[in-house]
Amino acid sequence: MPFHNSVLGCFDDLSVLCDTLLCPCCQMSRQCSAAEGYANQCGSGMCLLSICFFSVFPMCLRCKVSDRYQLGESCIVSCGLGLLCGTCSVCATGREFNFRGVNPGGSCCAPTGVVQQMGGGSPTVVINVNTAPQPLLEL
């Protein structure tokens, strides 16, 4: 089963797009944590790695998501898409997490759609029907 959204559908989820454009390293760190089963966490170490390996990180992230959810996308295709447009690829993986009910979290905007909070206890499902990104900080 392939990814449920196009790599070119960046504007399909504005909250993921805003976070990816405003702080791509934090978004990649959050998605990497979500792929490991930790929701809404941004690790400083992973954030620093994504800064150092900015062009490689989207490729690895897409491969990791494809493997985790058995999407059947070859590593060559994942690397190619991550290399051609890393921003689009990070947005697509973020939308895939949201589609699957996993909350990678947001640094600048609250995620939209169906979100599953993972953690120690039983999962809680939150339904946010907003279509526009919601700022986390009021300026």
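**Terms and cut-offs**

Tutor: Glu-73 lies in the loop between H4 and helix H5 (75–84); helices (H or I, at least four residues) and strands (E, at least two) are DSSP runs, numbered from the N terminus. This is a predicted model, in which local features need pLDDT of at least 70 and side-chain atom pairs count only at pLDDT 80 or more, while totals for chains, interfaces and linings use all residues. Residues are numbered from 1 along each chain as its sequence is written, and side-chain values use heavy atoms, with hydrogens and water left out.

Student: Why does Glu-73 count as buried?

Tutor: Buried means under 20% relative accessible area, exposed over 50%, and partly exposed in between (1.4 Å probe, protein chains only). Glu-73 has 18% relative accessibility and therefore counts as buried.

Student: Why is Val-77 called partly exposed?

Tutor: Val-77, a residue of helix H5, has a relative accessibility of 40%, so the term is partly exposed.

Student: What makes the pairing of Glu-73 and Arg-62 a polar contact?

Tutor: A polar contact is a pair of N or O atoms within 3.5 Å; within protein, one must be able to donate a hydrogen and the other to accept it, and residues adjacent in sequence count only if both atoms are side-chain atoms. The side chains of Glu-73 and Arg-62 are joined by such a contact at 2.8 Å.

Student: Which residues does Glu-73 touch, not counting those up to four places away in sequence?

Tutor: With contact meaning heavy atoms within 4.5 Å, Glu-73 touches Phe-3, Arg-62, Ser-66, Ser-78 and Leu-81.

Student: Why are H4 and H6 called roughly parallel?

Tutor: The axes of H4 (residues 57–68) and H6 (residues 86–99) cross at roughly 25° and come within 9 Å. Axes are lines fitted to C-alpha atoms, for helices over the stretch in contact, and angles run from 0 to 180 degrees between N-to-C directions. Angles under 35 degrees count as roughly parallel, over 145 as roughly antiparallel, 65 to 115 as roughly perpendicular and the rest as oblique. H4 and H6 are therefore roughly parallel to each other.

Student: Which residues make this contact?

Tutor: H4 contributes Pro-58, Leu-61, Arg-62 and Val-65, and H6 contributes Gly-86, Ser-89, Val-90, Ala-92, Thr-93, Glu-96 and Phe-97.

Student: How many helices and strands does the protein chain have?

Tutor: The protein chain has six helices and four strands, in the order α-α-α-α-α-α-β-β-β-β along the sequence.
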